Amino acid sequence: MSQATTTVQAEHEHPPFLQHHFTGMQQQFDATKLGMWLFLVTEVLLFGGLFVGYGIMRAKHPEAFMAAHHHLNRTMGALNTIVLLVSSFTMVMGVWAAQTSRKRLLILFLVLTLLCAGTFLGVKFFEYQHKFEEGLLPGNFYTHQGDTVPGQFMFFSFYFMMTGLHGFHVVGGMCAITWLLIRAIRGDFSASYYGPVDLVGLYWHLVDLIWIYLFPLMYLIS
Amino acid sequence: MEHTAHQHPITGPKVYAAVLAALLVLTVITVTAAGVDFGPYNTVIALIIATIKASLVALFFMHLRHDKFDAIVFLGGVFFLAVFLIFTLFDINSRHTILPSNLKEPVKEFPGAPLNKPVQPSTGTAPVAVPGK
């Protein structure tokens, strides 16, 4: 069996990472990239539903959202924004390293991206911990005392659902980057084959893009 | 392997570093702008800055400036999100009350609110319409 496979590969002289149903590396790259963009569109619409819900509730209850957002730590939010922007930069530098066959730099940038993602989740952990202690929780679970403006639980419903879903995406991205890291160490990627690095990069930038909107909408209401 | 040459020149670290610097400056600007009172325009300004940042990420980090076809696909998704958002807000803003259609009068307590903190139903900023007919 393996002998037969080897023979077939030898006959066609396949590039090692070309799937048999594509005619060439460029076609494979373009097709998978389009697939990734279509997936990103579904992600935009997934978060879109939450953004629309947020828009409606904030338009209807501006005072509640205004009062509730003061419970968020603006410094931590800004710090996380910077961390995520830097991680996007290190990710795109990883793509560049793969495009130019710089294996060591690729590994370095992937590790840096993972570190940034870990920092983001660490800061998020402390923020969530603070909210749990204060009882600033969604809907029925909201037990914060001494509010002067009613309805603040609505803000925290959106806060936890949106940043929570975003957090899951960060975790998913970290898994994908770990997979890239293993393949990069194995030496899979070079100027002739860097598709997976590019595609995971696109996903990671989308996670960054969503945070770019979440940050002003959650932390900077005024 | 017929197309081993790249269709587009590879963007280098200098451009990426410049984009990162611009993104960080815009972050500082948006935080500063949030501290200044522009009345109702604060949210608009914050969203415009966010959109500039998002465009920078999409055009440079996601390479959309060299990738017309995927740019159209992505903007198609954004377009439908805009339709979703704008038409929903039109609908919501043209109503006095947001209530399930099977309710005959406004609820006195929001279903999700804790019992010790009564909350007005989602009646918006307009005065509550008399729920007739």
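In this predicted model, the elements of chain A run α-α-α-α-α-α-α from the N terminus on. Along the principal axes, the C-alpha atoms of chain A fill a box of roughly 75 × 30 × 30 Å.

Burial in chain A was examined next. Of its 222 residues, 58% count as buried. Among contacts in chain A between residues at least 6 apart in sequence, 78% join residues at least 24 apart.

The largest nonpolar core has 94 residues. Those with the most contacts inside this core are A:F155, A:F156, A:Y159, A:M218 and B:M62. Helix α7 of chain A, residues 195–219, gives the most to the core, with 17 residues. Beyond four places in sequence, A:M218 touches A:Y54, A:H69, A:L72, A:F155, A:F158, A:Y159 and A:M162.

Confidence was then considered. The model scores ipTM 0.89 and pTM 0.85. Chain B has a mean pLDDT of 78, and 65% of its residues reach 70 or more. Residues 1–5 of chain B have pLDDT below 50; this stretch has seven contacts in the model beyond near neighbours in sequence. Over residues 111–129 of chain B, pLDDT also stays under 50. For that segment, the model has 40 contacts beyond four places in sequence.

Terms used:
Residues are numbered from 1 along each chain as its sequence is written. Chains are lettered from A and ligands numbered from 1 in the order in which they are written. This is a predicted model: local features need pLDDT of at least 70, side-chain atom pairs count only at pLDDT 80 or more; totals for chains, interfaces and linings use all residues. Side-chain values use heavy atoms; hydrogens and water are left out. A nonpolar core is a set of buried Ala, Val, Leu, Ile, Met, Phe, Trp, Tyr and Cys residues joined through side-chain atoms within 4.5 Å. Buried means under 20% relative accessible area, exposed over 50%, partly exposed in between (1.4 Å probe, protein chains only). Helices (H or I, at least four residues) and strands (E, at least two) are DSSP runs, numbered from the N terminus. Contact means heavy atoms within 4.5 Å. pLDDT is the predictor's confidence in each residue, from 0 to 100.
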